[in-house]
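Please keep the sequence and the model in view while reading.

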Amino acid sequence: MAKPKAPRRTLESYTVKHINKTIRGGDCVLMRPSDPSKPSYVAKIERIEADGRGTNVKVHVRWYYRPEESIGGRRQFHGSKEVFLSDHYDAQSADTIEAKCTVHSFKSYTKLDAVGNDDFFCRFEYNSSTGAFNPDRVAVYCKCEMPYNPDDLMVQCEGCSDWFHPVCINMTAEEAKILDHFLCENCSSEGQKKLQNSHTASRLLDTKELAAV
C-alpha cells in the first residue's frame with residue numbers, strides 16, 4: 001500500500017539560498033520564466049508551503065501582468081516598469097525565484113529619486129479572463145488628452161495646474177528642463193488673473209476628464 005502524502009505546512013518565512021534572500025507572505029519577487037527570452041515574471045507571494053521535512057518548498061503567488069501580457073497589449077501611456085495586479089493565482093517552486101522586487105503604488109513610484117531594476121509600479125487591477133481593468137477610467141492630461149506616463153517628461157502650467165508634453169506645446173525636452181515658469185496657451189491669454197486664482201484651478205484636478213482604459 002502506498003504511503004499517504006505527508007501534510008504540507010505553511011512557513012512564516014523561507015530563505016532562498018541561491019539568492020541569499022528571505023521571503024515572506026506579501027513580498028514581491030521576480031520569477032524565472034519558462035521561456036528564457038522573456039523578462040522575469042513579477043509576482044506577489046500569498047503564502048509559502050513546505051512538506052513535513054521542510055523541503056519541496058512552494059510559493060503560492062498572485063501574478064502581476066506586464067502590459068504586453070494583457071489582452072489589449074502595451075499602450076502609449078503605460079510606463080516601462082508598469083505591471084497590473086491580476087486575478088491569476090498559481091503555485092511555483094521557490095527555486096524559480098530570481099530576486100526580490102518592490103511594486104510601488106503609482107504615487108509612490110513617481111516620487112522615487114531613482115528607479116532601480118527591482119522597482120515596478122501598479123495602478124490597475126487586471127481581469128485575465130475578460131481583459132477588464134479596475135479602475136476602468138483614468139485622468140487625462142495635456143492637449144493630447146493622454147493618461148500620465150511617468151517615463152515622459154512633462155511641464156506643469158502654473159495657472160490651471162495641468163501637465164503638458166513638451167512636444168505638444170512646441171518645445172524641446174532641453175527647453176522644458178530649464179523652465180522656471182510656464183503658462184499654457186489658455187492661461188497665458190488671461191495673464192496674471194489666472195495666476196491669482198490658481199488655488200481654485202488646482203481643485204479642478206479632482207474633476208478632470210477621465211478616459212477609458
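Q: Are Y109 and F121 buried or exposed?
A: This is a predicted model, in which local features need pLDDT of at least 70, side-chain atom pairs count only at pLDDT 80 or more, and totals for chains, interfaces and linings use all residues. Residues are numbered from 1 along each chain as its sequence is written, and side-chain values use heavy atoms, with hydrogens and water left out. A residue is called buried under 20% relative accessible area, exposed over 50%, and partly exposed in between, with a 1.4 Å probe and protein chains only. By this rule, both Y109 and F121 are buried.

Q: What kind of pair do the rings of Y109 and F121 form?
A: Rings of Phe, Tyr and Trp (its six-membered ring) pair if their centres lie within 6.5 Å; planes under 30 degrees apart count as stacked, over 60 as edge-to-face and the rest as tilted. The structure holds 11 aromatic pairs. For Y109 and F121 the ring centres are 4.5 Å apart and the planes stand at 35°, so the pair is tilted.

Q: How many residues apart in sequence are the parts that the pair of Y109 and F121 ties together?
A: Helices (H or I, at least four residues) and strands (E, at least two) are DSSP runs, numbered from the N terminus. Y109 belongs to helix α1 (residues 106-110), while F121 belongs to strand β9 (residues 119-122). The pair therefore ties together parts whose separation in sequence is 12 residues.

Q: Which residues does L85 contact, leaving aside its neighbours within four places in sequence?
A: L85 is found in strand β7 and is buried, with a relative accessible area of 11%. Its C-alpha lies 9.8 Å from that of V103, a residue 18 positions away in sequence. Contact means heavy atoms within 4.5 Å. Under that definition, L85 is in contact with R62, W63, Y64, C122, F124, E125 and Y126.

Q: Why is β6 largely enclosed by the rest of the structure, and how many of its residues are buried?
A: Strand β6 covers residues 58-65. The strand is largely enclosed because most of its residues meet the criterion for burial. Of the 8 residues of β6, the number buried is 7.

Q: Which strands pair with β6 in the antiparallel sense?
A: Two strands pair if DSSP finds at least two bridges between them. On one pairing, I45 stands opposite V61 in β6; on another, V59 stands opposite Q92 in β7. Each of these antiparallel pairings runs over 7 bridges. The partners of β6 are β5 (residues 41-50) and β7 (residues 84-93).

Q: Which side chain is joined to that of H60 by a polar contact of 3.3 Å?
A: H60 is found in β6 and is buried, with a relative accessible area of 17%. Beyond four places in sequence, H60 touches residues including K44, I45, R47 and D90. A polar contact is a pair of N or O atoms within 3.5 Å; within protein, one must be able to donate a hydrogen and the other to accept it, and residues adjacent in sequence count only if both atoms are side-chain atoms. The side chain joined to H60 in this way is that of E49.

Q: What is the value of phi near which S161 lies?
A: S161 is placed in the loop between β14 (155-156) and β15 (163-164). S161 is buried, with a relative accessible area of 10%. Its phi is positive in a residue other than glycine, near 70°.

Q: Over which residues does pLDDT stay under 50?
A: pLDDT is the predictor's confidence in each residue, from 0 to 100. The mean for the protein is 87, and 85% of its residues reach 70 or more. Where pLDDT is low, the predicted coordinates should not be read in detail. The stretch with pLDDT under 50 is residues 192-207.
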